[in-house]
Amino acid sequence: MMEIMEGSHAVAEAVKQCRPEVIAAYPITPQTHIVEALADMVADCSLDCEYITVESEFSALSACLGASAAGSRVYSATTSQGLALMFEVCYNVAGMRLPIVMSIVNRSLGAPLSIWNDQQDSISLRDSGWLQYYAEDNQEATDLHYIAYKVAEDHNILLPAFVCFDGFILSHTYEPVDMITQEQADRYLPAFKPYQKLDCRDPISFGMYATPDYYLEFRYEIDQAMKRSAAVFEKAGKEFFEMFGRDYRSPVEEYRLDDADTAIVAMGSICGTVKDAIDEMRDAGKKVGLLKIRTFRPFPSAEVKSALSGVSRVAVLDKNISLGAKGAVALEIKDALYGSQVPVLDYIIALGGRDVRRKDIREVVSNAEAGIGDLFYGLRTEVL
Amino acid sequence: MTYQEWFREDRLPHIYCTGCGNGTVINCTLMAVDEMGWKKEDTAFISGIGCSSRAPGYIVTDSLHTTHGRALAFATGVKLGNPDLHVVVFTGDGDLAAIGGNHFIHACRRNIDLTVVCMNNQIYGMTGGQGSPTTPMGALSTTTPYGSAEPAFDLCELAMAAGANYVSRWTSYHVKELTRAVLTGMQTPGLSFIEALVQCPTNYGRRNKFKQVLDQVEFMRSHTVLIQKLKRMEEQGEKFPDPVIPVGEFVRRNRPALGVKV
């Protein structure tokens, strides 16, 4: 049913329909609305779940790890500094192959302190072994949660997943969202069947020492599962499409890219603005298209290569920066296109919540056409 | 010099809600600083994250606005890096007792020479009113919509048990007592912990039957009893307010302290 909902509340509703058995979370802007809504549901008995008001994000994910190891479907949500504090536990969750799903309401990292949006937080956990899915709008943010559980819990995968969507821009914005019903959700996502769990009758140990003889192999297996997850995502997307008509089958989404000279590559809510700017530029005779990255981990190199092979130039919008190198998305695109002659230009943009309008996208495209790139877009040199 | 001269007027207006008690605590602290005769160039204010932690931003001296819960760890570094500095920490219940609880007990255990002023509003105010470790049993918050089911921390008992040299509790109603407590804390070598209960009309009061700001202030006036008096009342079987908030000086002692110049 189509409803006008705040992004956070739509996500909370979707999480409720996924029937988590344990939720542990800590307040942090702009994530808090999600877990507040879930706390209400638990208190009202409309969600049968343990809700733990822990004392920090570190404890939140640690409690989730324990609950997941004990065989429960588990959920948490955080952002920015909270995710940074979870860093150690994130690696452990992935290493123990526990399929926890966590919403990351993207926000910049301090210092200086900023509560506004960019994607530095989840990008900084790029190498942790968590699947990373990015949503453009609240509908996608909502739907990706069902899909994330399905992929994460697949016994061939068993990896945790971030569902990332932009703080405030999506989380605090009211948009029409088509919610599926609980019955549909149950049909799409059956009850969690743990592959293995803590069980006194059949004892196992999680997270023990791996000597140099074994550690490498553990990392290899995570990497292999990550790679296998691409096909499982496609399958889960296909099933979702067949049941509900919304299409998330591909790890990338192309917009007017077929005959484009300039391809913009971006992730998250900025894609909406880019699409509007592209329509305007197309009307003015400029052949511009968008390649939206939906799954950043695993990175869809083959799809990217195939989608961008015909363009004259690529302009990457990075809402993050690997300081001392480039934006994380640009590095991946360059890697995917290695050996081709297509120039890839990087634009570090919208950090710390700096607004991006259609005219900014037009300017980025003009810059790219002139071969000017690899820069911080919109830098206010007068305050440096 | 007066305490007003410690304010950074260019940073005003402040972000605190109408009726918030934090401003009172900042004033009391600055009055104590002024009374101590500390100079701006010798004094540093350190804070973590939350409403309380915005305070150093409004004060003219050097300050570190650090990560959530870690103010005491950063302050430990500042004090040991330059023991000549007078170091004051502004923190809150969520910052100090939840995410920073570990740093709190260890700073008290080391008894490092800091003045720690905790604005305890019994809720996560800045993020919109979630239950904190000092939310009283039964109190409403956005994460405890039918009342908190967990017991609250007594921060003063915690600081005392962990080893702080000076511990006292007052409220934003008790302006003179609070100022004197902060002053005594500053005069006492070692870790001084001053808990200041504050009203939070926006996120605590309106959910917990304090319709007006003054209702919560009145509650703090009428439910506080001096520790010594409370002990006497208990011994003699006298009636005291329920719930009761013991206030006053919990401990002043002279355990060996870290960061004190001999």
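**Before you start**

This is a predicted model, in which local features need pLDDT of at least 70 and side-chain atom pairs count only at pLDDT 80 or more, while totals for chains, interfaces and linings use all residues. Residues are numbered from 1 along each chain as its sequence is written, chains are lettered from A and ligands numbered from 1 in the order in which they are written, and side-chain values use heavy atoms, with hydrogens and water left out.

**Stop 1: helix H11 of chain A**

Select residues 301–308 of chain A, which form helix H11. Helices (H or I, at least four residues) and strands (E, at least two) are DSSP runs, numbered from the N terminus. Colour Val304(A), Ala307(A) and Leu308(A): these are the buried residues of the helix. They sit on the same side of H11(A), because they cover an arc of only 85° around the axis. The arc is taken from the directions from the helix axis to the C-beta atoms. Now turn to the other side of H11(A), where Ala302(A) and Ser306(A) are exposed. Buried means under 20% relative accessible area, exposed over 50%, and partly exposed in between (1.4 Å probe, protein chains only).

**Stop 2**

Contact means heavy atoms within 4.5 Å.

**Stop 3: two domains of chain A**

Colour 2–244 as domain 1 and 252–383 as domain 2. The bounds come from an automatic or database domain assignment. Their centres, taken over C-alpha atoms, are 27 Å apart. Domain 1 of chain A gives 26 residues to the contact, and domain 2 of chain A gives 24 residues.

The size of an interface is often given as the accessible area lost when the parts come together. Here the two domains of chain A bury about 2,000 Å² between them, 54% of it on carbon and sulfur atoms. Buried area is the accessible area (1.4 Å probe) that two parts lose on being put together, summed over both.

How many salt bridges are there between domain 1 and domain 2 of chain A? The count is 5. A salt bridge is a side-chain nitrogen of Lys or Arg within 4 Å of a carboxyl oxygen of Asp or Glu. Select Glu136(A) and Lys275(A): their side chains meet in a salt bridge at 2.8 Å, N to O.

**Stop 4**

Go to Pro30(A), in the loop between strand S2 (22–25) and helix H2 (32–43) of chain A. Is Pro30(A) buried or exposed? Pro30(A) counts as buried, at 2% relative accessibility. Not counting residues up to four places away in sequence, its contacts include Ser8(A), Arg107(A) and Phe168(A). Pro30(A) and Arg107(A) are 77 residues apart along the chain, yet their C-alpha atoms are separated by 7.7 Å.

Move on to Phe168(A), in the loop between strand S7 (161–166) and strand S8 (174–178) of chain A. Its phi is near 65°, a positive value in a residue other than glycine. Phe168(A) is partly exposed, at 24% relative accessibility.

**Stop 5**

Select Cys45(A), in the loop between H2 and strand S3 (50–53) of chain A. Cys45(A) is not a glycine, but has a positive phi of about 65°. With a relative accessible area of 67%, Cys45(A) is exposed.

Then find the cis peptide bond that joins Ala111(A) and Pro112(A), with omega about -5°. In chain B, the peptide bond from Leu12(B) to Pro13(B) is cis too, with omega near 5°. Pro13(B) is in the segment before helix H1 (22–36) of chain B.

**Stop 4: chain B against chain A**

Show both chains. Here 17 residues of chain B are in contact with 18 residues of chain A. The area buried between them is about 1,300 Å², of which carbon and sulfur atoms give 60%. The count of salt bridges between chain B and chain A is 0. There are 6 residue pairs in polar contact between these chains (both at pLDDT 80 or more). End on helix H3 (residues 93–99) of chain B: the largest share of the side of chain B that touches chain A, 3 residues, comes from this helix.

Terms used:
A polar contact is a pair of N or O atoms within 3.5 Å; within protein, one must be able to donate a hydrogen and the other to accept it, and residues adjacent in sequence count only if both atoms are side-chain atoms.
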